[in-house]
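Colleague: Can you talk me through this one? I would like to start with the sheet.

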Amino acid sequence: MKKNILVLTGSPRARGNSDLLADAFIRGAAEAGHEVVKCDLARKNIRGCTACDRCFSSGKPCVFDDDFNEIAPLIQRADIIVFVTPLYWYTFPAQLKAAIDKLYSFEVGKKKLDISGAILIACGGDPEEFYFDGIISSYRLILRHLHWEDMGRLIVPGVNNKGDVLSTDYLSRAEKMGRDIT
Ligand SMILES: Cc1cc2nc3c(=O)[nH]c(=O)nc-3n(C[C@H](O)[C@H](O)[C@H](O)COP(=O)(O)O)c2cc1C
């Protein structure tokens, strides 16, 4: 069945490793007939949540009218969210985390999301998977809280410089992940 997939990327580095992984995933998902929208959060202006609890009081998710309010309708239309991100200090980069923080607005505003599942694709320069324990743990707890199914994770260690991922098999693995979405 065709799904609406929203790919949220977290890197400020255009054509960097996570950007290439995102595009590979999108190629696979599009080939499988899914509708995919990519949103590069590092090129958006999203403030951190201020916990004012006034979400949706003005009709918009956030009363501070930043780019989250543009992205919110994409989130509300999505069946699946895919986080594609570099590892920054063992977790999500601030630009992506700011958008995750503002998912809070849907809770305060009592807006039900149709999202049923998520995927994590994370890359980093450190050489082994255990360096990703922090981001995986956050991701799993976020999904548990939101009742989203964990539809898969692709952890890509050992890629530090722009384009390092090109000499690995992770792009074909990301593409297959997209293609295998049912
Ligand atoms: C601010 C910053 C923090 C980083 N922290 C980590 C880290 O904790 N662990 C790690 O493995 N790599 C870390 N890196 C390296 C990036 O994750 C790595 O270069 C990755 O390939 C970048 O992906 P991109 O090309 O999509 O931007 C960090 C890079 C930056 C700029």
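Modeller: This is a predicted model. The sheet is open, has five strands in the order β2-β1-β3-β4-β5, and pairs in parallel.

Colleague: Which are the edge strands?

Modeller: β2 (35-40) and β5 (149-156) are the edges, each pairing on one side only.

Colleague: And how many degrees is the twist from one strand to the next?

Modeller: The average is 15°.

Colleague: How many bridges between β3 and β4?

Modeller: Seven bridges join strand β3 (residues 80-86) to strand β4 (residues 117-123), in the parallel sense.

Colleague: What holds strands of a sheet together in general?

Modeller: Backbone hydrogen bonds, with the strands running either parallel or antiparallel.

Colleague: Zooming out, how many helices and strands does the protein chain have?

Modeller: Six helices and five strands. Along the sequence of the protein chain, the pattern reads β-α-β-α-β-α-α-β-α-β-α.

Colleague: What does the radius of gyration say about the protein chain?

Modeller: The protein chain has 16 Å, which agrees with the value near 16 Å for a compact globule of 182 residues. Its C-alpha trace spans about 50 × 35 × 30 Å along the principal axes.

Colleague: Switching to helix packing. At what angle do α1 and α6 pack?

Modeller: About 35°, for helix α1 (residues 17-31) and helix α6 (residues 170-179), and their axes are 6 Å apart. The crossing of α1 and α6 is right-handed.

Colleague: Which residues make the contact?

Modeller: On the α1 side they include L20, L21, A24 and F25, and on the α6 side they include Y170, L171, A174 and M177. By class, the contact of α1 with α6 has 10 nonpolar, two polar and five charged residues.

Colleague: Now the ligand. Which residues come nearest?

Modeller: G16, S18, P86, G124 and D126, out of 19 residues around the ligand.

Colleague: Which element gives the most to that shell?

Modeller: α1, with three residues.

Colleague: And how do the shell residues divide into nonpolar, polar and charged?

Modeller: Around the ligand there are eight nonpolar, seven polar and four charged residues.

How values were computed:
Residues are numbered from 1 along each chain as its sequence is written. This is a predicted model: local features need pLDDT of at least 70, side-chain atom pairs count only at pLDDT 80 or more; totals for chains, interfaces and linings use all residues. Axes are lines fitted to C-alpha atoms, for helices over the stretch in contact, and angles run from 0 to 180 degrees between N-to-C directions. Helices (H or I, at least four residues) and strands (E, at least two) are DSSP runs, numbered from the N terminus. A crossing is left-handed if the near helix is turned anticlockwise from the far one by less than a right angle, and right-handed if clockwise. Two residues are in contact if their C-beta atoms, placed from the backbone, lie within 7 Å. Ala, Val, Leu, Ile, Met, Phe, Trp, Tyr, Cys and Pro count as nonpolar, Asp, Glu, Lys and Arg as charged, and the others, Gly among them, as polar. A residue is near a molecule or strand if its C-beta atom, placed from the backbone, lies within 6 Å of it. Two strands pair if DSSP finds at least two bridges between them. The radius of gyration is taken over C-alpha atoms; the globule rule is 2.2 Å times the number of residues to the power 0.38.
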